[in-house]
Amino acid sequence: MPAPAVLVRDLVKRYDGRPVVDGVGLVAERGAITAVLGPNGAGKTTTVECCEGLRSPDAGDVRVLGLDPVADAHELRPRVGVMLQDGGLPTGVRALEMLRHVASMYARPRDVGELSERLGLGAFARTTVRRLSGGQRQRLALAAAVVGRPEVLFLDEPSAGMDPQSRHAVWELVRELRADGVGIVLTTHLMDEAEDLADQVYVVDHGRVIAAGTTRALLESEHGVTAPGDGAVDRTVRFEAAAGLDLEDLRGSLPGSWTLVEARPGSYSLTGPADPGALVALTTWLAAHDVLATRVSVGRRTLEDVFLDLTGRHLR
């Protein structure tokens, strides 16, 4: 049986004696998208950099396609694609010229013209990298990461700075790569991107994995969204009203299985089993207290809701 795309066991990385990564373990399978999520400073970037061979672990074991990403870097380099958030691209060359140069370093590269068309690079093919917009650089960086037909692909914030059209083109390409058997490790702060793409999710905070599973499993966990025993995803009611509502009094009028938070001043989120009675109780309380709610929406709980429950709502 072939080794997983990426296997991490008990990874530790310290800076100035302080563990930034403290015992992380994860598995990214071939032909699957694995999202590694976490707040800023949580340790996810350092974890992925150890997998990419950019940093050496202080303890633990990291394997990419069964190989050590540091000791076996020469053997792995043709088999692994890396897209960094800052691009890591030479700034003085033209976009398409750079992509052709990268393609020339591989034995069996993708067709540069086809890839350029897929990612809309033609519009800025003769523009130097330094003059590209953030979204254009991201598309070029993705093209450079996949042109060599990697078996493992690391994507760091792949759609940051992109317009919706570009983002969906990138998502379509990433899904095709997964279908072709590529093991993809994705780091992103866009929870909808992770929820839409990922087969497996790891949430990292304070240098440790604090939750892992499929998106559905996380939504149905104790951190999310199911009424006990029914297996159904909870619903979330979001609304805006005057900041500083008496949440304790409002909670007292709601079914006990529902939770209520003020996500930010004047923006509220109410989550629990799909029960119309809770919505009636909410609107009754608002009317009794002469509170006008706006932007009321009812939907399912999302990965972002779970992420905030796990990692907290305070700024880092």
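**Exercise 1. Find which residues D156 is in contact with, leaving aside its neighbours within four places in sequence, and work out whether D156 is buried or exposed.**

*Solution.* Begin with the contacts, where contact means heavy atoms within 4.5 Å: D156 touches M83, L84, Q85, Q138 and T187. This is a predicted model, in which local features need pLDDT of at least 70, side-chain atom pairs count only at pLDDT 80 or more, and totals for chains, interfaces and linings use all residues. Residues are numbered from 1 along each chain as its sequence is written, and side-chain values use heavy atoms, with hydrogens and water left out.

D156 is buried, that is, under 20% relative accessible area with a 1.4 Å probe and protein chains only.

Finally, D156 has no salt bridge (a side-chain nitrogen of Lys or Arg within 4 Å of a carboxyl oxygen of Asp or Glu), and K44, the nearest side chain of opposite charge, is 7.1 Å away. A polar contact of 2.9 Å does join the side chains of D156 and T187 (N or O atoms within 3.5 Å, one able to donate a hydrogen and the other to accept it; residues adjacent in sequence count only if both atoms are side-chain atoms).

**Exercise 2. Determine the strand order of the open sheet of four strands.**

*Solution.* The order is β11-β12-β10-β13, with antiparallel pairing (strands pair if DSSP finds at least two bridges between them). Because β11 (259-264) and β13 (294-300) each have a single partner strand, one side of each is left without a neighbour in the sheet. Within the sheet, six bridges join β10 to β12, and E240 stands opposite S267 in β12.

How values were computed: Helix = DSSP H or I, 4+ residues; strand = E, 2+ residues; numbered from the N terminus. Buried < 20%, exposed > 50% of the residue type's maximum accessible area, 1.4 Å probe, protein only. Lys, Arg positive; Asp, Glu negative; His and termini not counted.
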